[in-house]
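Dear colleague,

Please find below the structure for your attention. My notes on it follow.

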Amino acid sequence: MKNIPIGQILLESGYITKQHLEDALVKQKETGKKLGDMLLDLGYVSETQLAQALSQRLKVPFIDLTTTKIETEAVKKIPEAIARKNCVIAYRVNNGRLYVATNDPVNFYIFEELKIQTGMEINPQLATRSSINEAISKVYSAATVSNVMGDIDKEYDSNAALMAEQAEQDASEERIDNAPVVKLVNTIIESAYRDRASDIHIEPFKDRTRIRYRIDGECVEKMAIKPTVHNSLITRIKILGGMNIAEKRIPLDGRSSATIDGVVQDLRISTIPTVYGEKCVIRLLATGDEKARKITDLGMTDYNYEMFKQIIRCPNGVMLVTGPTGSGKSTTLYATLGELSKPNVNIVTAEDPVEKKIDGVNQCQMNEKAGMTFAAALRSILRQDPDIVMVGEIRDGETADIAIRAAITGHLVLSTLHTNDAASTILRLVDMGVAPYMVASSLVGVIAQRLVKLLCPDCREKILLEDPADLKLVGKDKPVEIYQHHIGGCRNCHNTGFKGRTAIHEIIVSSNDIKELIAANATAEQIGIQARKNGTRLLRDNVADMVLAGKTTMDELVKATYSV
C-alpha cells in the first residue's frame with residue numbers, strides 16, 4: 001500500500017496515464033522494485049517529475065540544484081567521500097542549521113551520521129539523484145582546484161630560490177612526485193572532463209602559465225599558475241604519457257589514460273617547444289570497449305538519415321566523410337561501423353591513431369617509422385579477406401588509388417578527406433591522380449559535415465531577425481523571430497549561453513547522373529547543382545532550419561557555412 005500514493009499523485013498531476021500506472025504495477029510485481037523507480041525505468045516520468053511527486057507525498061520541500069546557489073562554506077562541512085557514498089550535498093548554512101539536498105529524505109540514519117560529522121542540525125531537502133551527483137562533481141572539483149592551487153603557491157613560495165635553480169635543470173623524480181604537482185595534474189584532467197572539454201591547453205608565458213579548456217569548440221581560460229611551476233607540471237605530464245622528460249628541444253607525443261567518475265578517458269598528449277618553455281595539449285577521448293554512438297544520436301535529420309542508409313546498403317564502393325579538423329568525421333565513421341558490424345561481416349580498419357576500440361572490428365594502428373603507412377596497411381588488409389575496409393584518412397594519391405581499386409574489386413571502403421563541401425570532395429580525388437572514370441564507377445556517396453553549438457534551452461533569448469542579408473541566409477523575405485544566446489549564460493551552461501554541439505550534414509548519393517558528370521570531368525558547381533536537384537540539402541539549409549527552430553544562432557550559421 002505504501003507505494004500506491006506516489007502513483008496516485010503522479011496520476012493526479014497529469015504526469016502519467018492510468019495505463020502507465022497499470023503497466024508499472026504489473027512490472028513492479030515481476031521485479032520487486034519501488035513503483036517510482038519502475039516508472040522511471042519505463043520512461044513514463046522524468047526524474048524531476050518523480051522528485052516533485054515524492055516531495056508532495058513526503059511533505060519535504062523539492063529543490064532544483066541547477067538553479068540554486070551552492071555556498072562553498074556549506075559544502076566543506078561534508079567530506080566528498082561521504083557526500084558521494086550517501087548521494088547528499090550541503091548547500092546552505094542558516095541559523096546553525098545545515099541544509100542538505102538528498103534523493104532519500106526518509107533515510108534518517110544518514111542524517112544522524114551527518115549530524116555527528118558536522119555538529120549541526122540537518123534540514124533535508126529533496127532533489128534528483130542526477131542533479132546531486134552533478135553538483136558533487138562540479139563543486140568538490142572547484143574546491144579541489146582552489147586547495148591544490150593554494151598548496152602549489154605555498155610550496156613554491158617557500159622554495160622560491162630552489163625553484164629558480166630547479167627550472168634550469170631537469171626536474172628530479174623526487175621533486176616531480178611531490179603531492180601538489182601530482183594533485184594539480186589530476187585535478188586539471190578531472191575538472192576538464194567534468195566541464196565537457198575536448199582538449200586541455202597548458203601554455204607558458206613570461207609571467208604565468210595559462211591553462212585553457214576547449215569546450216564546445218572554443219577555448220575558455222580556466223586558471224593561471226606561477227611560471228616556476230611550469231617545468232614540474234610538464235615533466236609530470238610527460239611521465240604520465242611515457243615521454244622522454246630530458247628532451248625539451250623537439251615536439252613529443254605520448255598517451256595515457258585516466259578513470260574519472262567511472263569512465264575511462266584516453267589522453268593523447270602533445271608537447272612543442274615555445275619561447276617560454278614547452279606548450280602541452282592533452283586531448284580527452286572517452287575510450288574503453290564502449291559501444292559506438294548511433295548515427296541517429298549524432299544530429300542527423302530523418303531526411304539525411306534516409307539518404308545515408310541508401311549509401312551504406314551498397315555492398316561495395318567508396319563512402320567518404322569530409323570536413324575540417326575537429327568536425328566529428330571520426331565519430332561519424334565509428335557510428336557507421338557500429339551500424340555495419342555484424343557477426344557475419346569481416347571489418348578491418350587502418351587508423352592513426354585508433355581512437356575508440358569497437359567490439360568485433362579488427363583495428364590496425366599506423367606506424368610510419370616502422371613502414372606501416374596507410375598505403376602499405378591497405379595493401380595488406382586486402383589480403384585479409386575483408387568485406388568492409390575503413391581507412392582513417394586519405395592523405396595522398398597512393399592511398400586514394402588503392403582505396404578506389406579496393407572498392408572496384410568488391411569491398412565497401414569508408415574513409416575521410418579534408419574538403420569544404422561534398423561536391424568538391426569528388427574533384428579532390430581527381431586532383432590526387434585518380435582517373436575520373438574510376439572515381440565515377442567506385443564512389444557511392446559523400447557526407448560533408450560541420451559541428452554547430454546548441455543554444456542553452458534555459459537561458460536563450462528571443463529576438464526579431466530583420467536584416468535583409470541575414471534573412472536571405474535563412475531563406476526568408478519577411479522578419480522572423482529566432483533565438484540568440486544570453487550574454488553571461490546561466491549555471492546550466494557554465495555561463496556561456498550554449499550547451500553541447502551537434503553535427504549538420506550535406507549528403508550526395510552517387511546516382512547515375514552524378515556518375516556521368518564525374519566521368520565527364522564536370523566542375524564542383526555542376527555536380528552540386530545536379531545533387532540539389534536529386535534532393536541533397538546543403539549544410540546551410542540544415543543549419544538554417546536549426547536557427548528557425550531556435551536550436552542555434554545566426555553566428556553559428558555564418559561560422560559553419562559562410563563563404564564569399
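Asn534 is found in the loop that joins helix H21 (524-533) to helix H22 (539-548). Helices (H or I, at least four residues) and strands (E, at least two) are DSSP runs, numbered from the N terminus. This is a predicted model: local features need pLDDT of at least 70 and side-chain atom pairs count only at pLDDT 80 or more, while totals for chains, interfaces and linings use all residues. Residues are numbered from 1 along each chain as its sequence is written, and side-chain values use heavy atoms, with hydrogens and water left out.

Asn534 is partly exposed, at a relative accessible area of 35%; buried means under 20%, exposed over 50%, and partly exposed in between (1.4 Å probe, protein chains only). Not counting residues up to four places away in sequence, Asn534 touches Ser511, Asp513 and Ile514, where contact means heavy atoms within 4.5 Å. Ile514 is 20 residues from Asn534 in sequence, with 9.2 Å between the two C-alpha atoms.

His505, in strand E18 (residues 498-509), is buried, with a relative accessible area of 2%. Leaving aside neighbours within four places in sequence, the contacts of His505 include Leu298, Thr332, Ile447 and Arg537, as well as Leu539 and Asn542.

Leu539 and Asn542 are among the buried residues of H22, as are Val543, Ala544, Met546 and Val547. The elements covering these buried residues include helix H13 (302-312), strand E15 (443-455), E18 and helix H23 (554-561). Just after H22, Gly550 adopts a positive phi of about 80 degrees.

With kind regards
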